[in-house]
Amino acid sequence: MIWISVGVLACLIGTLVVLNLMTPEKKLSALPTHRYTINSDAYRREMSVLLGPTVLPGNKVQVLENGVEIFPSMLEAIAGARTSINFETYIYWSGEVGQRFTDALIERARAGIPVHVTVDWLGSIKMENALIEQMKQAGVNVQRYRPLHWYTVARINNRTHRKLLIVDGRIAFTGGVGIADQWEGNAQDPDHWRDLHFRVEGPVASQVQAAFNDNWTKMTGEILNGEAHFDAVAPAGDLSAQLFIASPVGGSQSMQLMYLLTITAAVRTLDIAAAYFVPDKLLLESLVKARQRGVRVRLMVPGPHTDSDAVGLASRREWGKLLKAGVEIFEYQPTMMHSKLLVADSYLVSVGSTNLDVRSLRLNDEANLNVYDAAFGEEMTTIFEADLAKSTPYTEAMWESRPWRQKLGEKLLVPIKSQL
């Protein structure tokens, strides 16, 4: 009898493991056809209508580089809140940075401002309960996204990886930064990471607020509406933009399709900074075909400083096809490069939380800001090239001569590629 019980338990555990290793059913099986260019009306129309939401004019977007610029700007916006603060993040850890944000949110809550905070349960695993209790006691409404319970173990693999901050429904932030000490500073050494974040004003801020509502409503059943969250937002600049989101619940392939359509439309350049680059077959094929069309493809990935050696191994296994096609690969040297950036034809800029791996494209809730503007595209190309100057080229000869231990490690990671 005891062996039957053990067998049933083992079967149950095995089933749960398989459920969490599985990705949603894959429906994309072929690349989109190259039909238009990045700066065409047709491309923008499909970004709005086929994928959505609508590309909106009248926005101002400020690039923030590293914690030295990102954290002061976010904290200043929080301190100036007058009607609402809505904040969603994957990583929120204890430490100096975590305490500063906690204090800032508490101060506004005590001043009577509604403050809503979503932290991912897994991403905030290093967040001491004391920080959450401090916020709750001050009136901050804190929710942990998909905490572990016996009835949720089959969904534990689906996380929110979004980084969203919206203040008064008018000022929004998104990008790659987490609330933790390694993002502090100016990427000056291996203990301080390289990252990008964006401050947004204008109509697209309402799309960021809607993205926050997406998970808040799932968790609480509450809809955050009214002028405190969705006041009329006047134009603040001359940039056209959209806040693009994806989730396994609402269609996990939408973010993947956004990337594939963009890569397929490029005719001159593709500049990609990918903190975690573990591409699937379609993404690899799209980059190779871009090279065949004469597109210059430059891919920047972390070098010697990384928080995941396994990702580095799984990524490098695929580089041979890219290098043979003429894709230029660079390894960032000074510290961990955590940016998630795509610049296509120096016109379309996409930045946010999405990594170019199966986990981000099919398992996580993600958010990217897409900006359509030649001058802004040139600005981001300049920033990308400044990082390239701190990177080392990785050649086809280097790939061919990599040691057998590395090749073995690459093969062993294939079965869990979607989990990296």
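Predicted model: local features only at pLDDT ≥ 70, side-chain atom pairs only at ≥ 80, totals over all residues.
Modeller: Residues are numbered from 1 along each chain as its sequence is written, and side-chain values use heavy atoms, with hydrogens and water left out.

Colleague: Why are S2 and S5 called paired strands?

Modeller: Strands are DSSP runs (E, at least two residues), numbered from the N terminus. Two of them pair if DSSP finds at least two bridges between them. Four bridges join S2 (residues 85-89) to S5, so the pair qualifies; the two run antiparallel. Within this pair, Phe 87 stands opposite Leu 165.

Colleague: What joins S5 to S6?

Modeller: Four bridges join S5 to S6 (residues 171-175), also antiparallel, and Val 167 stands opposite Ile 171. Three residues lie between the strands of this hairpin, where Asp 168 takes a positive phi near 60°.

Colleague: Which way do the residues of S5 point, and are they buried or exposed?

Modeller: Leu 164 and Ile 166 point one way, Leu 165 and Val 167 the other way, and all are buried, that is, under 20% relative accessible area (1.4 Å probe, protein chains only).

Colleague: What makes a set of residues a nonpolar core?

Modeller: Its members are buried Ala, Val, Leu, Ile, Met, Phe, Trp, Tyr and Cys residues joined through side-chain atoms within 4.5 Å. The largest such core has 47 residues, of which Leu 270, Phe 277, Leu 299, Leu 322 and Ile 329 touch the most other members. Helix H9 (253-265) is among the suppliers and gives the largest share, eight residues; a helix is a DSSP run of H or I with at least four residues. A second, separate core of 46 residues includes Val 167.

Colleague: Which residues does Leu 322 touch?

Modeller: Leaving aside residues up to four places away in sequence, Leu 322 touches Phe 277, Leu 284, Leu 287, Val 288, Leu 299, Val 327 and Ile 329. Contact here means heavy atoms within 4.5 Å.

Colleague: What makes a region a pocket, and how many residues line the second largest pocket?

Modeller: On a 1 Å grid over the protein atoms alone, a pocket is an open set of points where a 1.4 Å probe fits, with protein on both sides within 12 Å along at least five of seven lines; lining residues have an atom within 4 Å of a point. The second largest pocket is lined by 17 residues, and H11 (309-316) gives the most, with six residues.

Technical notes:
Buried < 20%, exposed > 50% of the residue type's maximum accessible area, 1.4 Å probe, protein only.
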